[in-house]
Each structure stands twice: as C-alpha cells, then as structure tokens.
Amino acid sequence: MESVLDQLSSKLRSNMMPWHSGRYLGHMNTETLMPAMLGYFAGMLYNGNNIAYEGAPATSELEEEIGVDFCHLMGYDENIGWGHLTPDGSTANYEAVWYMRNLKSIPFAVKKTMPKLVEGMDDWALSNMSIDQIMDLLDKVPDQLDDIKACSARNDDTIAPHLGKLLVPETKHYSWLKAADILGIGLNNIETIEVDGTFRMNIDKLKQKIDQLIANKTPILGVVSVVGSTEEGAVDNVNQVVALKNEYAKAGINFYYHIDSAYGGYVRSIFLDEDYNFIAFDKLHNAYKENGVFLSNDVDWPSRDVYEAYKAMNCADSITVDPHKMGYIPYKAGGIVIRDKRMRNTISYFANYCFQKNTQIPDLLGAFVLEGSKSGAAAASVWACHRILDLNVKGYGKIIGASIEGAHNLYNKLKSQKQYDIDGTTVEIHTLCKPDFNMVDYVFNIKGNTDLNVMNSLTSAIYKSSSYYTTPYTNDLIVSHTEFDYDDYKDSPVELIERVGMTKSEWDSIHKVTLIRSCVVNPNLNNKEVFEYYSEQFDKAITHKLREALKEIKQTM
C-alpha cells in the first residue's frame with residue numbers, strides 16, 4: 001500500500017492542475033475551502049447515503065438545512081421553497097426540465113381524469129396555465145394526485161412532443177441538449193435565442209421568438225436564462241425576462257422560467273445583507289467598503305444591469321446553483337432550488353424499502369430527486385462552509401468580491417498592456433468584453449494581420465503551450481480556451497473580429513474564432529502585491545510562448 005500510495009502521490013503532483021496557484025488562469029476551478037475539506041472528510045468517514053433518511057440521518061438533516069440556505073441565497077420564502085444538492089449542475093438542469101415537462105402536462109392529465117376542473121378550456125388554454133395555477137389545481141384534488149400523474153407526461157409518452165418549445169440562449173450549457181434528449185422533449189423542440197454584444201440573451205430576439213410561436217399556436221414549455229455563462233461568465237438580463245414573462249401572463253400566455261446559475265449563483269451573496277435582504281444599489285458600495293469586499297476603491301462593479309439581473313432571480317420557478325464552483329466546495333456538489341415545494345409532487349417516486357409515503361422523518365429527500373445514491377459527505381462539506389461563511393456580504397461576499405477584483409485586475413492589465421513586442425513582431429491582445437464577474441476572454445493577433453485563420457492559430461498555440469498538453473505543475477501559466485462558431489453564436493463575435501482589424505467578410509469565410517478563457521476564481525489575486533508578482537510571471541510566460549508560436553506560424557505563412 002505504501003508503494004502504491006507513493007506512485008499515486010507522484011502522479012497527482014506531476015499531472016494534476018495547481019488550482020491553488022495564481023499562475024492557474026483556466027477553468028472555474030480553485031483551491032477548496034478548509035472547512036469544506038474538513039467537513040467532507042468528517043462526513044466521508046461515516047459514508048452516509050442521503051437518498052434515504054435511515055441510511056444517513058445526520059447528513060440528510062444537514063442537506064435539508066442546505067436547502068433552506070439556498071432559499072435564503074436566492075430570495076425564496078424558506079417555508080414555501082425547497083432545495084437540495086445534486087451531483088452537478090447538469091443533473092440540476094435535468095431536474096428543471098423534468099419539472100417543466102411534468103408540470104406543463106398536468107392540465108392535460110386533469111382534462112382526462114377530472115374534466116370538470118378544466119371545463120371550457122381548450123388545449124391552448126391548458127398549455128398556457130401558470131405554474132401557480134397548476135399547483136392550485138392539484139391542491140383541489142389531493143387524493144386524486146396519483147391518478148392525475150398516471151395520465152401526465154411521466155406515463156403518457158404521447159404528451160411530451162406537444163408541450164411546446166424550450167427557449168435557451170446561445171450561451172447555453174450543453175446539458176440542456178442532453179436534458180431534452182434524455183427526458184424526451186426532443187432536440188427539435190429546443191429554440192436557441194441569439195445573444196447581444198455582451199453575450200447576454202437578446203431580449204428583443206426572445207420576444208420575437210415568443211410572438212412567432214404564439215402566432216403559430218405553438219406552446220412554450222419554458223425559458224432558460226444563464227447567470228454566469230460557461231464560456232464568457234455573462235449574466236443574462238433576468239429582470240427583463242421577468243418583465244416579459246409578466247407581460248405575457250396578462251395576456252394568458254405562461255411558461256416555466258428557470259435560471260441556470262450553476263456558475264454564478266453564489267455571486268448573489270455579495271448583494272445580501274446579514275438578514276438576507278437585497279441591498280439597495282445606492283448603498284451597495286458603502287456595504288462593500290464597510291465589509292472589506294474590495295481592497296481597492298477603483299473596482300467598477302457591479303454594473304446596474306448585473307445588479308438588476310441578480311435582484312430579479314427570486315422570480316424564477318427554479319434555479320441551478322453549484323457549491324463546487326463559486327462555493328469553493330469539493331466535487332461533487334451541485335444544487336437546485338425551487339420556488340414552490342408543491343412542485344415536487346409532480347416528479348415524486350416512492351420506494352417502500354427506503355422512502356415510504358407519510359413516513360415521519362424530516363424530509364423524504366430520495367422521493368423527490370433525480371439521482372439514486374447520494375453522498376452524505378457532500379452535504380457535510382457544504383453545510384460546514386455555510387455555517388462558517390454566511391451566504392451574504394459579510395461571508396461568501398468577501399470571497400466572491402476578491403475573485404471579481406482579481407478578474408478585473410487581469411482585465412485591466414490586458415486592456416492597458418495592449419501588445420507584446422517579440423523580436424520585432426508586435427502581437428496585440430484583444431479582450432472579448434468587460435467581465436460580468438470573473439471570466440476574462442481574449443485573443444492574440446499579429447499587428448496588421450487580417451487573416452482569421454492566422455489569429456486562431458496563434459491563440460490556439462498559446463493555449464496548447466499553457467494547458468494539459470504540457471506538464472501542468474511545471475508550467476508557468478495555465479489557461480483554458482474556447483471556440484465561438486457560427487452554428488452556436490451566429491454573428492455575435494463580429495464586433496471582436498472588426499475590433500482586431502478584420503472585416504465581416506473574413507468572419508463569414510471562416511465562421512470560427514478561438515479565444516483564451518481565464519476564469520479568475522483564485523481569491524488571492526485581489527492583493528496588489530500578489531497580482532503584480534503573477535502579472536510579471538504572466539508576461540514572462542506569454543513572451544516565451546509567443547516567441548515559440550510565432551516561429552511555427554511564420555514557417556506556415
């Protein structure tokens with residue numbers, strides 16, 4: 001065992017990513033918090049399985065408390081809302097589609113089983129009932145719930161294709177495609193909405209699509225906003241989607257609304273006071289100053305639109321939030337929170353050997369989740385962090401603030417740096433856009449170059465020399481990358497393409513741009529001295545990597 005553990009230690013030290021280091025500017029990964037690790041170790045020793053209360057009484061209760069924490073974080077009433085941990089954000093998104101599908105099919109099931117309850121309503125009216133109306137309808141006949149569910153989409157596979165379209169932004173996570181596949185919605189029923197120049201869902205395009213669907217009498221299953229897109233860290237204008245949703249509701253058009261904030265959900269803590277009230281915009285910076293959220297007074301964050309987006313999140317029907325991202329918790333620890341716990345009844349399953357109906361325990365967690373066996377250690381880890389770091393401006397807000405400040409330090413450095421002079425060749429840096437919180441995307445281009453393929457090759461070469469293609473632990477700079485192509489992003493990258501000095505026709509001929517992607521989740525890069533040190537290391541590494549990349553590119557030009 002000693003020999004094997006020595007080998008294991010060697011492999012881990014040499015080939016795993018150094019999340020703890022300021023030279024790591026790649027994915028949304030970082031060193032985990034000490035209480036998270038200790039909580040995980042403690043819970044792991046008991047190996048609890050939270051799918052059944054009797055398999056893990058203590059950690060099941062911890063997870064129930066975490067659900068209340070999620071309600072506080074997202075502005076839901078803890079007596080009405082409900083949340084739980086999932087293995088990851090993808091599973092949470094699957095659950096959201098599960099809720100959408102089952103809930104929106106309930107009115108049709110009621111029409112089959114108890115038609116008098118929906119008398120006078122045609123299929124269009126049934127497909128446009130709000131979530132609250134559907135829940136109130138079920139409350140009228142609690143004893144018939146099983147009969148109704150037996151005629152819903154969970155049992156009748158002919159209903160799902162008629163529930164309408166799921167509208168998602170171009171910045172969607174790939175899990176939404178998988179969810180539509182797995183849950184029988186069908187990829188053909190996903191409609192992608194274009195994003196604007198800030199890579200947020202274009203509200204005008206969303207309205208156009210909704211109006212088009214209404215005109216064709218096509219129902220809308222649901223709308224998804226992203227708060228913290230995977231590639232850009234963009235925050236959709238949630239408040240504008242909510243306003244649009246309310247506007248259509250007055251006209252009798254209703255849809256399920258979900259927010260995918262797997263990445264950006266914990267950022268909401270920076271807007272909350274000690275009583276979990278959303279801090280007024282004009283008092284926000286005083287709160288940050290009083291609590292030491294930012295070390296510098298020059299941090300220009302948040303913008304008003306980001307603020308309003310976070311403020312409106314409590315209007316969604318459900319929200320994905322991942323502790324193992326901006327919560328600095330070990331994997332696996334995703335999460336979902338729903339506005340109305342009554343929704344759980346439409347997806348519930350009971351098993352006599354582990355969770356029976358009417359069992360007198362704190363919560364029948366296993367009956368209302370997508371997964372099977374689930375880690376009690378994850379619950380212990382998240383719970384411990386939440387008890388030490390409150391989900392508000394005085395707790396997690398400080399860590400989130402440090403990450404945001406570090407990202408803006410990098411963004412401002414790249415904006416002011418502008419270029420590197422490499423042996424007589426000038427290489428320019430162009431950022432994608434100002435980060436909504438801590439994701440910084442950028443490209444490298446030889447000054448005067450108007451060939452998009454050349455720019456993509458140069459940026460790609462920097463990535464390859466700064467990633468897992470090398471030995472990560474000995475690399476002076478580690479980043480991640482992404483590609484925006486026309487199929488996913490349409491013409492959204494055109495502004496960047498034109499800013500680097502290329503024409504739209506050049507974009508039209510290639511329809512793909514490669515970017516370096518740096519997620520600054522390390523909370524130590526807000527410190528001026530620390531950032532300056534790693535900034536120097538960044539310049540040295542980039543200079544060396546550019547010199548080698550230019551040699552290769554010039555040989556092919």
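The model is a predicted one: local features need pLDDT of at least 70, side-chain atom pairs count only at pLDDT 80 or more, and totals for chains, interfaces and linings use all residues. Residues are numbered from 1 along each chain as its sequence is written, and side-chain values use heavy atoms, with hydrogens and water left out.

**Stop 1: the largest pocket**

Select Met28, His173, Thr230, Asp322 and Lys325. Of the 26 residues that line the largest pocket, these are the closest to its centre. The pocket holds about 430 Å³ of space. On a 1 Å grid over the protein atoms alone, a pocket is an open set of points with protein on both sides within 12 Å along at least five of seven lines, while a cavity is a set where a 1.4 Å probe fits but cannot get out; lining residues have an atom within 4 Å of a point. Grid points are joined across faces, edges and corners, and a volume is the space filled by probe spheres set on the points.

Helix 4 gives the largest share, three residues. Helices (H or I, at least four residues) and strands (E, at least two) are DSSP runs, numbered from the N terminus. By class, the lining has seven nonpolar, 13 polar and six charged residues. Here Ala, Val, Leu, Ile, Met, Phe, Trp, Tyr, Cys and Pro count as nonpolar, Asp, Glu, Lys and Arg as charged, and the others, Gly among them, as polar.

**Stop 2**

Which residues of helix 4 meet helix 6? Show Leu103, Lys104, Ile106, Pro107 and Val110, which face Ile131, Ile134, Met135, Leu137 and Leu138 of helix 6 in contact (heavy atoms within 4.5 Å). Nine of these contact residues are nonpolar, none is polar and one is charged.

**Stop 3: the largest cavity**

Next, select Gly22, Leu25, Phe531, Tyr534 and Phe538, the closest to the centre of the largest cavity among its 15 lining residues. About 100 Å³ of space lies inside. Helix 14 (396-417) and helix 19 (528-556) each supply at least two lining residues, and helix 19 gives the most, with five. The lining divides into eight nonpolar, four polar and three charged residues.

**Stop 4: backbone details in the loops**

Most residues other than glycine have a negative phi, and most peptide bonds are trans. Zoom to the loop between strand 7 (318-321) and strand 8 (334-338), where lysine 332 is found. A cis peptide bond joins tyrosine 331 and lysine 332, with omega about -5 degrees. Tyrosine 328 is also placed in the loop between strand 7 and strand 8, and its phi is positive, near 60 degrees.

Finish at proline 302, in the loop between helix 11 (281-291) and helix 12 (304-311). The peptide bond from tryptophan 301 to proline 302 is cis, with omega near 0 degrees.
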